Amino acid sequence: MAEAIVFGVGASAGLGGALCRRFARGGFAVLAAGRTQSKLDAVVAEVTRAGGRASSILCDVTSESDVRKTFETAGTVPKLVVYNAGNAAIRPLLEMDVAFFEDVWRVGCLGGFLVGREAARRMVPAGGGALLFTGATASLRARPPFTAFASAKAALRALAHGLAREFGPQGLHVAHVVVDGMIEGDQLLSRFPGAKERAGEDGMLHPDAIADAYFALYAQPRSAWTLELDLRPYKESF
(Lines give C-alpha, C1' and ligand atoms only; values in the text may rest on other atoms or scores of the structure.)
Protein backbone atom coordinates (compact mmCIF):
# COMPACT_ATOMS: atom_id res chain seq x y z
CA MET A 1 0.00 0.00 0.00
CA ALA A 2 1.26 3.47 -0.90
CA GLU A 3 0.73 6.50 1.34
CA ALA A 4 2.26 8.99 -1.11
CA ILE A 5 1.82 9.20 -4.88
CA VAL A 6 4.10 11.19 -7.18
CA PHE A 7 2.76 11.76 -10.69
CA GLY A 8 5.35 12.71 -13.28
CA VAL A 9 8.37 10.64 -12.24
CA GLY A 10 11.09 10.45 -14.84
CA ALA A 11 14.85 10.19 -14.46
CA SER A 12 16.25 9.55 -11.01
CA ALA A 13 18.16 12.83 -11.24
CA GLY A 14 14.96 14.80 -11.83
CA LEU A 15 12.48 16.34 -9.42
CA GLY A 16 10.10 13.35 -9.53
CA GLY A 17 12.85 11.00 -8.42
CA ALA A 18 13.95 13.41 -5.69
CA LEU A 19 10.39 13.64 -4.37
CA CYS A 20 10.12 9.86 -4.19
CA ARG A 21 13.40 9.61 -2.26
CA ARG A 22 12.45 12.41 0.16
CA PHE A 23 8.99 11.06 0.90
CA ALA A 24 10.42 7.59 1.47
CA ARG A 25 12.95 9.02 3.92
CA GLY A 26 10.02 10.69 5.64
CA GLY A 27 8.46 7.30 6.28
CA PHE A 28 6.02 7.02 3.38
CA ALA A 29 5.50 4.07 1.12
CA VAL A 30 5.71 5.80 -2.26
CA LEU A 31 4.00 5.04 -5.56
CA ALA A 32 5.93 6.50 -8.50
CA ALA A 33 3.78 7.15 -11.58
CA GLY A 34 5.36 7.91 -14.92
CA ARG A 35 5.55 7.04 -18.60
CA THR A 36 8.82 5.08 -18.84
CA GLN A 37 9.17 1.79 -17.00
CA SER A 38 12.98 1.74 -17.05
CA LYS A 39 13.13 5.14 -15.35
CA LEU A 40 10.54 4.12 -12.78
CA ASP A 41 12.46 0.92 -12.05
CA ALA A 42 15.63 2.93 -11.42
CA VAL A 43 13.87 5.24 -8.94
CA VAL A 44 12.23 2.34 -7.10
CA ALA A 45 15.55 0.49 -6.87
CA GLU A 46 17.26 3.57 -5.51
CA VAL A 47 14.62 4.07 -2.83
CA THR A 48 14.72 0.40 -1.88
CA ARG A 49 18.52 0.34 -1.59
CA ALA A 50 18.28 3.23 0.86
CA GLY A 51 15.84 1.26 3.03
CA GLY A 52 12.66 2.93 1.82
CA ARG A 53 9.46 1.53 0.38
CA ALA A 54 8.46 2.24 -3.20
CA SER A 55 6.55 0.78 -6.11
CA SER A 56 5.72 2.06 -9.57
CA ILE A 57 2.99 2.22 -12.18
CA LEU A 58 2.89 3.34 -15.79
CA CYS A 59 0.52 6.27 -16.07
CA ASP A 60 -0.49 8.74 -18.75
CA VAL A 61 -1.71 11.67 -16.66
CA THR A 62 -4.01 12.80 -19.48
CA SER A 63 -5.91 9.50 -19.32
CA GLU A 64 -8.80 9.47 -16.87
CA SER A 65 -8.66 5.69 -16.58
CA ASP A 66 -4.89 5.68 -15.95
CA VAL A 67 -5.17 8.27 -13.21
CA ARG A 68 -8.02 6.42 -11.55
CA LYS A 69 -6.11 3.12 -11.78
CA THR A 70 -3.09 4.73 -10.13
CA PHE A 71 -5.12 5.76 -7.09
CA GLU A 72 -6.71 2.32 -6.94
CA THR A 73 -3.29 0.66 -7.14
CA ALA A 74 -2.15 2.60 -4.08
CA GLY A 75 -4.39 0.31 -2.04
CA THR A 76 -5.18 2.97 0.54
CA VAL A 77 -6.13 6.64 0.66
CA PRO A 78 -2.89 8.60 0.22
CA LYS A 79 -1.79 11.24 2.68
CA LEU A 80 0.32 13.07 0.11
CA VAL A 81 -0.12 13.49 -3.65
CA VAL A 82 2.10 15.50 -5.99
CA TYR A 83 1.31 16.49 -9.56
CA ASN A 84 4.73 16.96 -11.11
CA ALA A 85 4.01 16.18 -14.77
CA GLY A 86 5.12 18.70 -17.36
CA ASN A 87 6.75 18.99 -20.75
CA ALA A 88 8.28 22.51 -20.99
CA ALA A 89 7.51 22.47 -24.69
CA ILE A 90 9.17 25.19 -26.78
CA ARG A 91 7.88 26.50 -30.10
CA PRO A 92 7.28 29.94 -31.63
CA LEU A 93 3.58 30.71 -31.87
CA LEU A 94 3.38 30.85 -35.66
CA GLU A 95 4.96 27.39 -35.85
CA MET A 96 2.40 25.79 -33.54
CA ASP A 97 -0.40 23.65 -34.82
CA VAL A 98 -3.51 22.89 -32.81
CA ALA A 99 -2.26 19.43 -31.84
CA PHE A 100 0.92 20.86 -30.30
CA PHE A 101 -0.94 23.46 -28.26
CA GLU A 102 -3.50 20.94 -27.06
CA ASP A 103 -0.88 18.35 -26.11
CA VAL A 104 0.93 20.93 -23.98
CA TRP A 105 -2.33 21.87 -22.27
CA ARG A 106 -3.34 18.26 -21.68
CA VAL A 107 -0.14 17.48 -19.78
CA GLY A 108 0.19 20.88 -18.15
CA CYS A 109 -3.40 21.33 -16.97
CA LEU A 110 -5.86 18.55 -17.82
CA GLY A 111 -3.75 15.97 -16.03
CA GLY A 112 -3.69 18.20 -12.96
CA PHE A 113 -7.47 18.36 -13.00
CA LEU A 114 -7.78 14.57 -13.24
CA VAL A 115 -5.31 13.99 -10.41
CA GLY A 116 -6.77 16.76 -8.25
CA ARG A 117 -10.31 15.49 -8.65
CA GLU A 118 -9.43 11.88 -7.83
CA ALA A 119 -7.32 12.98 -4.88
CA ALA A 120 -10.13 15.13 -3.45
CA ARG A 121 -12.68 12.38 -3.93
CA ARG A 122 -10.62 10.08 -1.72
CA MET A 123 -8.68 12.30 0.65
CA VAL A 124 -11.41 14.69 1.79
CA PRO A 125 -13.74 11.95 3.17
CA ALA A 126 -10.69 10.36 4.85
CA GLY A 127 -9.79 13.54 6.71
CA GLY A 128 -7.49 15.34 4.29
CA GLY A 129 -3.78 15.34 3.58
CA ALA A 130 -1.66 17.35 1.16
CA LEU A 131 -2.08 17.83 -2.60
CA LEU A 132 0.86 19.66 -4.18
CA PHE A 133 1.30 20.99 -7.72
CA THR A 134 4.58 21.78 -9.46
CA GLY A 135 4.51 25.15 -11.18
CA ALA A 136 7.15 27.13 -13.05
CA THR A 137 8.22 30.65 -13.92
CA ALA A 138 5.75 30.29 -16.78
CA SER A 139 2.92 29.97 -14.26
CA LEU A 140 3.24 33.73 -13.75
CA ARG A 141 4.78 35.09 -16.96
CA ALA A 142 4.33 34.16 -20.61
CA ARG A 143 7.37 34.69 -22.79
CA PRO A 144 8.06 33.31 -26.27
CA PRO A 145 8.78 30.58 -27.23
CA PHE A 146 7.04 29.25 -24.09
CA THR A 147 3.60 30.71 -24.83
CA ALA A 148 1.77 27.37 -25.00
CA PHE A 149 3.59 26.07 -21.92
CA ALA A 150 2.79 29.26 -19.99
CA SER A 151 -0.90 29.07 -20.84
CA ALA A 152 -1.01 25.53 -19.48
CA LYS A 153 0.99 26.31 -16.33
CA ALA A 154 -1.08 29.41 -15.59
CA ALA A 155 -4.21 27.28 -15.90
CA LEU A 156 -2.72 24.69 -13.53
CA ARG A 157 -2.01 27.45 -11.02
CA ALA A 158 -5.62 28.64 -11.22
CA LEU A 159 -6.79 25.06 -10.77
CA ALA A 160 -4.66 24.64 -7.66
CA HIS A 161 -5.97 27.89 -6.17
CA GLY A 162 -9.54 26.82 -6.84
CA LEU A 163 -9.01 23.41 -5.26
CA ALA A 164 -7.41 25.06 -2.22
CA ARG A 165 -10.37 27.34 -1.66
CA GLU A 166 -12.89 24.56 -2.17
CA PHE A 167 -11.28 21.76 -0.19
CA GLY A 168 -8.96 23.51 2.26
CA PRO A 169 -11.80 24.08 4.75
CA GLN A 170 -12.44 20.33 4.56
CA GLY A 171 -8.90 19.45 5.61
CA LEU A 172 -7.11 19.06 2.26
CA HIS A 173 -4.00 21.21 2.07
CA VAL A 174 -3.56 22.23 -1.57
CA ALA A 175 -0.40 24.14 -2.48
CA HIS A 176 1.20 25.34 -5.70
CA VAL A 177 4.99 25.56 -5.94
CA VAL A 178 6.46 28.07 -8.39
CA VAL A 179 9.82 26.63 -9.39
CA ASP A 180 11.33 29.87 -10.66
CA GLY A 181 14.57 28.86 -12.31
CA MET A 182 16.37 25.98 -13.97
CA ILE A 183 16.24 22.59 -12.27
CA GLU A 184 19.56 20.78 -12.21
CA GLY A 185 18.16 17.55 -13.60
CA ASP A 186 18.79 15.20 -16.51
CA GLN A 187 16.08 16.71 -18.70
CA LEU A 188 17.41 20.25 -18.68
CA LEU A 189 21.10 19.34 -18.76
CA SER A 190 20.59 17.07 -21.77
CA ARG A 191 18.53 19.65 -23.67
CA PHE A 192 20.80 22.60 -22.91
CA PRO A 193 24.46 21.52 -22.77
CA GLY A 194 26.62 23.99 -20.88
CA ALA A 195 23.69 25.51 -18.96
CA LYS A 196 25.07 24.41 -15.59
CA GLU A 197 28.44 25.98 -16.26
CA ARG A 198 26.84 29.23 -17.40
CA ALA A 199 24.63 29.35 -14.30
CA GLY A 200 27.62 28.95 -11.99
CA GLU A 201 27.73 27.56 -8.46
CA ASP A 202 24.23 27.22 -6.93
CA GLY A 203 22.79 28.89 -10.01
CA MET A 204 20.28 26.08 -10.54
CA LEU A 205 17.68 24.59 -8.24
CA HIS A 206 18.81 21.19 -6.99
CA PRO A 207 16.03 18.57 -7.06
CA ASP A 208 16.76 17.36 -3.54
CA ALA A 209 16.47 20.90 -2.17
CA ILE A 210 13.12 21.36 -3.91
CA ALA A 211 11.94 18.04 -2.51
CA ASP A 212 12.79 19.19 1.02
CA ALA A 213 10.50 22.19 0.49
CA TYR A 214 7.66 19.93 -0.67
CA PHE A 215 8.01 17.77 2.43
CA ALA A 216 7.97 20.89 4.59
CA LEU A 217 4.67 21.87 2.97
CA TYR A 218 3.23 18.49 3.89
CA ALA A 219 4.39 18.88 7.49
CA GLN A 220 2.82 22.32 8.03
CA PRO A 221 0.26 22.55 10.84
CA ARG A 222 -3.28 23.45 9.81
CA SER A 223 -3.01 26.80 11.60
CA ALA A 224 -0.39 28.01 9.09
CA TRP A 225 -0.82 26.53 5.62
CA THR A 226 0.97 27.85 2.56
CA LEU A 227 -1.06 28.22 -0.64
CA GLU A 228 1.82 29.23 -2.90
CA LEU A 229 5.56 28.86 -2.46
CA ASP A 230 8.21 30.45 -4.69
CA LEU A 231 11.56 28.66 -4.99
CA ARG A 232 14.55 30.06 -6.88
CA PRO A 233 18.35 30.14 -6.68
CA TYR A 234 19.72 33.00 -4.63
CA LYS A 235 21.18 34.66 -7.72
CA GLU A 236 18.06 34.29 -9.90
CA SER A 237 16.56 37.60 -11.00
CA PHE A 238 12.80 38.07 -10.53
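Is T70 buried or exposed? T70 has 0% relative accessibility and therefore counts as buried, where buried means under 20% relative accessible area, exposed over 50% and partly exposed in between, with a 1.4 Å probe and protein chains only. The structure is a predicted model, in which local features need pLDDT of at least 70 and side-chain atom pairs count only at pLDDT 80 or more, while totals for chains, interfaces and linings use all residues. Residues are numbered from 1 along each chain as its sequence is written, and side-chain values use heavy atoms, with hydrogens and water left out.

**Figure 1. The chain as a whole.** The chain has 8 helices and 7 strands; helices (H or I, at least four residues) and strands (E, at least two) are DSSP runs, numbered from the N terminus. A compact globule of 238 residues would have a radius of gyration near 18 Å, and the 17 Å of the chain agrees with this. The radius is taken over C-alpha atoms, and the globule rule is 2.2 Å times the number of residues to the power 0.38. Along the principal axes, the C-alpha atoms fill a box of roughly 45 × 40 × 35 Å. Of the 238 residues, 47% count as buried. Among contacts with a separation of 6 or more, 74% come from residues 24 or more positions apart, contact meaning heavy atoms within 4.5 Å.

Figure 2. The 7 strands of the open sheet follow the order β3-β2-β1-β4-β5-β6-β7, with parallel pairing. Because β3 (53-58) and β7 stand at the edges with a single partner strand each, one side of each is left without a neighbour in the sheet. From one strand to the next, the twist averages 20 degrees. Two strands pair if DSSP finds at least two bridges between them; the parallel strands β6 and β7 are joined by 4 bridges, and E228 in β7 is the bridge partner of H176. Helix α3 (residues 64-74) packs on the sheet and touches β1 (4-7), β2 (29-34), β3 and β4, its direction making about 155 degrees with that of β1. Helix α5 (residues 147-167) also packs on the sheet, touching β4, β5, β6 and β7, with a direction at about 160 degrees to that of β5. Axes are lines fitted to C-alpha atoms, for helices over the stretch in contact, and angles run from 0 to 180 degrees between N-to-C directions.

Figure 3. T70 is found in helix α3. Leaving aside neighbours within four places in sequence, T70 is in contact with I5, F7, L31, A33, I57 and C59.

**Figure 4. The nonpolar cores and V81.** A nonpolar core is a set of buried Ala, Val, Leu, Ile, Met, Phe, Trp, Tyr and Cys residues joined through side-chain atoms within 4.5 Å. The largest has 32 residues, and F7 and V81 have the most contacts inside it. At least two residues of this core come from each of β1, β2, α3, β4, α4 (98-123), β5, α5 and β6; α4 gives the most, with 7 residues. Residues up to four places away in sequence not being counted, V81 touches I5, F7, F71, V115, A119, M123, A130, L131 and L132. A second, separate core of 30 residues includes A24, F28, V177 and L205.

**Figure 5. Helix α8 and its buried residues.** The 13 residues of helix α8 (residues 207-219) should span 18 Å at 1.5 Å a residue, and the end C-alpha atoms, 19 Å apart, agree with this. The expected span is 1.5 Å times one less than the number of residues. In α8, the residues P207, I210, A211, A213, Y214, F215 and L217 are buried. These buried residues pack against α1 (15-25), β4 (80-83), β5 (129-136), β6 (172-179) and β7 (228-231).

Figure 6. V124 lies in the loop between α4 and β5 and, at 16% relative accessibility, counts as buried. Apart from neighbours within four places in sequence, V124 is in contact with A119, F167, Q170 and L172. In the loop between β5 and α5 lies P145, which a cis peptide bond joins to P144, with omega about 5 degrees. A88, in the loop between β4 and α4, is a residue other than glycine with a positive phi near 45 degrees; A88 is partly exposed, with a relative accessible area of 23%. D202, in the loop between α7 (195-199) and α8, has a positive phi of about 60 degrees although it is not a glycine. With a relative accessible area of 52%, D202 is exposed.
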